[in-house]
Amino acid sequence: MNQNRHTRNCLPVALMAICVIALVTQFVATSAVTATPHDPFVPKIVFLTRHAEKADAPRQDPPLNETGRTRANELARILYDSEIKTIITSQFLRATQTAEPVALRLAINITTIPIAMSPSNPQQVSEQSIAAIVKRVNEKPGEAVLVIGHSNTVPEVIRMLGGDAVPTIDEKAFDNLFVVFVLGPKKAKVVRLKY
């Protein structure tokens, strides 16, 4: 049902990156002045992406492969002027390695939030894990945040942030970059870019 919405919001980075980064910079710069004592919510920008391409082994916790390392460096190039102050990843090597070039370029530390599977459904990430990520995002009012997750966590974080379009990420897709403009509690506008 949301497929048409996703298609409309899927924009090539080559056409949109400059406009989005300029919008993000302006959004972050002005967000601190939008909160009042009566309305303490401060809007924020959250960038979300799945980890880059991974090696086939070791199966339990594979690192990035060469293509994935190239993609991670491209992500760092794209996000250089984005005013990101916090980077959140899962505990898995492929996620932290995707974040490392961004963290190095921006000279900030990576925050690792472990994810666990649901006890009632071992194929699904626990809601507590997603809530922990969203809680950390919400602890950063007015700051741009980067979340690097997985095909089964990124959509759930977007959903819990109140995204107007919750994506489905194909297991073979590593090139989605979601820009989520969080406008209020459980109210967010989602734009999907490709890189």
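Me: What is the mean pLDDT of the protein chain, and what share of its residues reach 70 or more?
Reply: The protein chain has a mean pLDDT (the predictor's confidence in each residue, from 0 to 100) of 86, and 79% of its residues reach 70 or more. The model is predicted: local features need pLDDT of at least 70, side-chain atom pairs count only at pLDDT 80 or more, and totals for chains, interfaces and linings use all residues. Residues are numbered from 1 along each chain as its sequence is written, and side-chain values use heavy atoms, without hydrogens and water.

Me: Where does pLDDT stay under 50?
Reply: Over residues 1–15, for which the model has 23 contacts (heavy atoms within 4.5 Å) beyond four places in sequence.

Me: Why is the space lined by Ile88, Thr89 and Ser90, among others, called a cavity?
Reply: On a 1 Å grid over the protein atoms alone, a cavity is a set of points where a 1.4 Å probe fits but cannot get out, whereas a pocket is an open set with protein on both sides within 12 Å along at least five of seven lines; lining residues have an atom within 4 Å of a point. Strand β5 (144–149) gives the most, with 3 residues.

Me: What makes up the lining of the largest cavity by class?
Reply: It has 5 nonpolar (Ala, Val, Leu, Ile, Met, Phe, Trp, Tyr, Cys, Pro), 5 polar and no charged residues (charged being Asp, Glu, Lys and Arg, polar the others, Gly among them).

Me: Which residues are closest to the centre of the largest pocket?
Reply: The largest pocket has a volume of about 490 Å³. Of its 19 lining residues, Lys54, Arg94, Met117, His150 and Asn152 are closest to the centre. The lining divides into 7 nonpolar, 7 polar and 5 charged residues.

Me: At what angle do helix α3 and helix α4 pack?
Reply: Helices α3 (residues 66–78) and α4 (residues 93–106), DSSP runs of H or I of at least four residues, pack at about 35°, with axes 8 Å apart. Ala72, Asn73, Leu75, Ala76 and Arg77 of α3 meet Gln97, Thr98, Pro101, Val102 and Arg105 of α4.

Me: What makes the peptide bond from Ala57 to Pro58 stand out?
Reply: Most peptide bonds are trans. The bond from Ala57 to Pro58 is cis, with omega near -5°. Pro58 lies in the loop between β2 (44–50) and α3.

Conventions:
Points joined across faces, edges and corners; volume = space filled by probe spheres on them. Axes fitted to C-alpha atoms, helices over the stretch in contact; angles between N-to-C directions. Helix = DSSP H or I, 4+ residues; strand = E, 2+ residues; numbered from the N terminus.
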